[in-house]
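This report goes through a single protein model, starting from one residue and moving out to the whole chain.

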Amino acid sequence: MVLVSRPLRRPEDGAADRQLLARIAAGDRTAVDDLYERFRRPAFALARRVVADDVLAEDVLQDVFLAVWRDPGAFDGSRGTVASWLLAMVHHKAVDAVRREESHRRRQARAEDELALAAPVAVSDVADEAADRVAAATVRSALQALPDSQREALTLAYYGGYTQREVAALTGAPLGTVKTRMLAGMRRLKDALGTGVPGETPADGTA
């Protein structure tokens, strides 16, 4: 239990405290200010000792006196004085504030850890995407180096999704010629992608 030095209180102070609660219950807003002035110092000292932070301690006091304003009937005179009730509420809310802060810090640390773990994956994804783009650019470059007839046949087949027979119909070439052009083009692409720039190609594009 947290111990806080409290100012000496006179017997009549208890009656005055209860009168303040009665005024609050009657809707007298100035009574809250009066109650705050009577207990501000010990309440702040107690909250500050628990939360170890001035701003957070002020927030605790705000919560406490707001709670008193909203429900002054929560005070039970048979269980103690207004002072003990009020300071017990300060202690409880201060402990809750510490728990919320610790929970927030844990969530923040967990989020940072998850972000750190995800970072290499993101870098890997970027690297894979870059590699795919380089490979695609290399294939396009090799395709452009093919004779027109071979490039046309391969483009229609692999990028257009046409069958060899359809390619033949679209280009007006015999099916056998289309097959020969595609086979020659694939061989040249393989050479270009595996060993470098494709070599010279016969003018008819069937080599």
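## Ala52

Ala52 is exposed, with a relative accessible area of 53%; buried means under 20% relative accessible area, exposed over 50%, and partly exposed in between, with a 1.4 Å probe and protein chains only. Ala52 sits in the loop between helix H2 (29-51) and H3. Although Ala52 is not a glycine, its phi is positive, at about 60 degrees.

## Basis of the model

This is a predicted model, in which local features need pLDDT of at least 70 and side-chain atom pairs count only at pLDDT 80 or more, while totals for chains, interfaces and linings use all residues. Residues are numbered from 1 along each chain as its sequence is written, and side-chain values use heavy atoms, with hydrogens and water left out.

## Confidence

The mean pLDDT (the predictor's confidence in each residue, from 0 to 100) is 82 for the protein, and 84% of the residues score at least 70. Helix H3 (residues 54-70) has the highest confidence, at a mean of 95, and helix H6 (residues 164-171) the lowest, at 79.

Over residues 196-207 pLDDT stays under 50. For residues 196-207 the model has 26 contacts beyond four places in sequence, a contact being heavy atoms within 4.5 Å.

## Overall architecture

The protein has 7 helices and 0 strands; helices (H or I, at least four residues) and strands (E, at least two) are DSSP runs, numbered from the N terminus. Among contacts with a separation of 6 or more, 58% join residues 24 or more positions apart.

Of the 207 residues, 27% count as buried. The protein exposes about 13700 Å², of which carbon and sulfur atoms supply 54%; the areas come from the Shrake-Rupley method with a 1.4 Å probe, and for residues only the protein chains shown count as cover.

## Helices H5 and H6

Helix H5 (residues 148-159) packs with H6 at an angle of about 130 degrees, and their axes are 10 Å apart. Axes are lines fitted to C-alpha atoms, for helices over the stretch in contact, and angles run from 0 to 180 degrees between N-to-C directions. H5 and H6 are therefore oblique to each other; angles under 35 degrees count as roughly parallel, over 145 as roughly antiparallel, 65 to 115 as roughly perpendicular and the rest as oblique. Glu152, Ala153, Leu156 and Ala157 of H5 make the contact with Val167, Leu170 and Thr171 of H6.

## Pro147

Pro147 lies in the loop between helix H4 (82-144) and H5. Pro147 is buried, with a relative accessible area of 13%. Between Pro147 and Arg181 the C-alpha to C-alpha distance is 9.3 Å, and the two are 34 residues apart in sequence.
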